[in-house]
Amino acid sequence: MILVTRKAHFNAAHKLWNPQWDQARNEEVFGKCANKHWHGHNFELWVTVAGEVDPDTGFVVDLKWLKKIIEDRVIEPLDHSNINLDVPFMQGRMASTENLAMAIWDQLWETLQHPRYRLYSLQLFETPNNSVTYYGPGFGGLPPAP
Ligand code: NI
């Protein structure tokens with residue numbers, strides 16, 4: 001098995017706000033992230049595909065194709081958006097980095113299923129220092145190798 005990673009980038013605004021809580025509780029839990037006038041991040045997304053090398057190309061996956069899939073399914077709906085208001089796949093979800101990574105997985109995994117490779121992980125950076133890594137649904141560690 002070998003891992004191939006494509007990096008992508010988008011800018012988006014959000015706020016962290018639980019509508020079941022009052023303002024004081026939201027501010028206590030989320031601090032500045034609960035600012036009602038929103039705030040933005042420069043997100044970086046690392047999409048990792050695991051698989052075996054195709055002997056005909058020497059590639060696991062065509063990175064031009066992977067780039068286009070990520071652009072169409074993820075960057076186009078998210079870039080310069082308000083995650084809470086504008087992004088169909090985030091409606092009704094808290095706009096945390098964890099939830100966003102899981103929603104992005106749902107946008108990608110079906111297309112990135114192939115007998116020779118598949119989506120392996122997503123790492124989503126909200127800031128250079130803060131990121132989440134998602135290996136797909138379920139708890140208990142890494143998925144089996146393809
Ligand atoms: Ni934020």
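## Largest pocket

About 200 Å³ of space lies in the largest pocket of this predicted model. Its lining comprises 13 residues. Trp-17, Pro-19, Asn-84, Arg-93 and Met-94 lie nearest the centre. By class, eight lining residues are nonpolar, three are polar and two are charged.

## Sheet layout

Five strands make up an open sheet. Their order is S3-S1-S2-S4-S5, with mixed pairing. Strand S3 (81-82) and strand S5 (131-134) are the edges, and each pairs on one side only.

## Strand pairing

Strands of a sheet pair through backbone hydrogen bonds, in either a parallel or an antiparallel sense. Here, S1 (residues 2-14) and S3 run parallel and are joined by two bridges. Ala-12 has Ser-81 in S3 as its bridge partner.

S1 and S2 run antiparallel, with 13 bridges between them. Ala-8 stands opposite Leu-45 in S2. S2 also pairs with S4, again antiparallel, over eight bridges.

Helix H4 (residues 97-108) lies across S1, S2, S4 and S5. H4 runs at about 155° to S4.

Technical notes. Residues numbered from 1 in each chain as written. Predicted model: local features only at pLDDT ≥ 70, side-chain atom pairs only at ≥ 80, totals over all residues. Heavy atoms only, no water. Pairing = 2+ DSSP bridges. Helix = DSSP H or I, 4+ residues; strand = E, 2+ residues; numbered from the N terminus. Contact = heavy atoms within 4.5 Å. Axes fitted to C-alpha atoms, helices over the stretch in contact; angles between N-to-C directions. 1 Å grid on protein atoms, 1.4 Å probe; cavity = no way out; pocket = protein on both sides within 12 Å on 5 of 7 lines; lining within 4 Å. Points joined across faces, edges and corners; volume = space filled by probe spheres on them. Nonpolar A, V, L, I, M, F, W, Y, C, P; charged D, E, K, R; others polar.
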